[in-house]
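I opened my notebook to get to know a structure that is new to me. Here is what I looked up, in the order in which I looked.

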Amino acid sequence: MTTNILFAAGPEAWDDYEPHLRHWLAEAGITAEISPEAGPPETIDYIVYSPSSDVQDFTPFTRLKAVLNLWAGVETIVGNQTLTVPLARMVDTGLTEGMVEWVVGHTLRHHLNIDHALTHQSGDWVRHVPPLARHRNVTVLGLGELGAACAQALAGLNFRVTGWSRSQRDVSGITCLSGPQGLEQALASAEILILLLPLTAGTDSLLNAAHLAQLPAGAVIINPGRGPLIDDAALLAALDTGQVGHATLDVFRVEPLPPEHPFWAHPHVTVTPHIASETRTETAAQVIVDNIRRGESGAPYLHVVDRGQGY
């Protein structure tokens, strides 16, 4: 029997993904029809999906077995009431590796004060010797796949790493905290704070004025997670007072970040254009096909979203 797959992630993504998906479907021995063209919805078994897709009403897809998201984030689809089948988020080894590299790179940049060296080439022999990593406190908010991988990579460099998540996690080598009191403790020690939480109703604007005030004076914030985790106005105020020493931001409430946004011109903000990590087409296609293989064999899907938790 032929498995019918709708690729509902846009024509540009289709050009990138098509050869890899066909390769891995053949490798898995799955006889499939896969297309970006929406045929009769009642014949579709799986939808490969990006939240920017035109497909928003899943009701007509009466044979649908699962929706397989190409993005790690699912906040724009998880609340869709017409979606009643399993929703799997993307957990891609390439995405994880890229995020670890970006986070480690910018953590070291701030730890070693590289910006100062690059901007103070005046001829003055002024020595700024950084502490060793084992004397630097780093906090990672969010201990999912990406957060745990980044936390462990930093711990491997001897940083003193604390991780916080809303529910208790156990990550080897990391001091793991949870709950409101755990958040206060995690923030209080965070000389460098890294945000890798999912965006939910409970994490929107989590880094507000009250929580920014709990950081050590001059703390650095690195956000490759979700833009709305931060209250922009509160962050700008904290930067202006020196409560926050610098913010390196890769994600924003509005993307692309508008040219008139004050982050662009602020001397203590570094903007990167949502490049911390990208899903790698070849490995992501393999993840998608592995879940299709599981669905066809009756095995449980991987990376299924908990609708109640929102991720």
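**Entry 1: a helix across a sheet.** First, a reminder to myself that this is a predicted model. I began with helix α2, residues 93–111, and found that α2 lies across β6 (137–141), β9 (192–195), β10 (219–223), β11 and β12. Its direction runs at about 155° to β11. I then looked at helix α7, residues 232–241, which packs on the sheet and touches β10, β11 and β12. The direction of α7 makes about 135° with that of β11.

**Entry 2: the sheet itself.** In what order do the seven strands of this open sheet come? I read off β8-β7-β6-β9-β10-β11-β12, with parallel pairing. At the edges stand β8 (175–178) and β12 (269–271); each has a single partner strand, so one side of each is left without a neighbour in the sheet. On average, neighbouring strands here are turned by 15° against each other, direction ignored.

**Entry 3: following the pairs.** I traced β9 to β10 and found three bridges, in the parallel sense. Here I194 stands opposite I222 in β10. Next, β10 and β11 pair in the parallel sense over five bridges, and A219 has V244 in β11 as its bridge partner. Strand β11 (residues 244–249) is joined to β12 by three bridges, and the two run parallel. There I found A247 opposite V269 in β12.

Entry 4: I picked T162, which has its place in strand β7 (residues 160–165). Is T162 buried or exposed? Its relative accessibility is 13%, and buried means under 20%, so T162 counts as buried. Leaving out residues up to four places away in sequence, T162 touches V138, T139, V140, I174, T175, L177, A186 and S189.

**Entry 5: a pocket.** I turned to the second largest pocket, with a volume of about 350 Å³. Its lining has 21 residues, and H110, N113, V220, G245 and H246 are those nearest its centre. Which element gives the largest share? It is α3, with four residues. By type, I sorted the lining into seven nonpolar, ten polar and four charged residues.

**Entry 6: the five-stranded sheet.** Last, I looked at an open sheet of five strands, in the order β2-β1-β3-β4-β5 and with parallel pairing. Its edges are β2 (32–35) and β5 (87–88), each with a single partner strand, so one side of each is left without a neighbour in the sheet. Inside the order, β3 (residues 46–49) and β4 (residues 66–69) pair in the parallel sense over four bridges, and I47 stands opposite V67 in β4. Helix α1, residues 11–27, packs on this sheet and touches β1 (3–8) and β2. I noted that the direction of α1 makes about 170° with that of β2.

Note on methods: Residues are numbered from 1 along each chain as its sequence is written. This is a predicted model: local features need pLDDT of at least 70, side-chain atom pairs count only at pLDDT 80 or more; totals for chains, interfaces and linings use all residues. Side-chain values use heavy atoms; hydrogens and water are left out. Two strands pair if DSSP finds at least two bridges between them. Axes are lines fitted to C-alpha atoms, for helices over the stretch in contact, and angles run from 0 to 180 degrees between N-to-C directions. Contact means heavy atoms within 4.5 Å. On a 1 Å grid over the protein atoms alone, a cavity is a set of points where a 1.4 Å probe fits but cannot get out, and a pocket is an open set with protein on both sides within 12 Å along at least five of seven lines; lining residues have an atom within 4 Å of a point. Grid points are joined across faces, edges and corners, and a volume is the space filled by probe spheres set on the points. Ala, Val, Leu, Ile, Met, Phe, Trp, Tyr, Cys and Pro count as nonpolar, Asp, Glu, Lys and Arg as charged, and the others, Gly among them, as polar. Buried means under 20% relative accessible area, exposed over 50%, partly exposed in between (1.4 Å probe, protein chains only).
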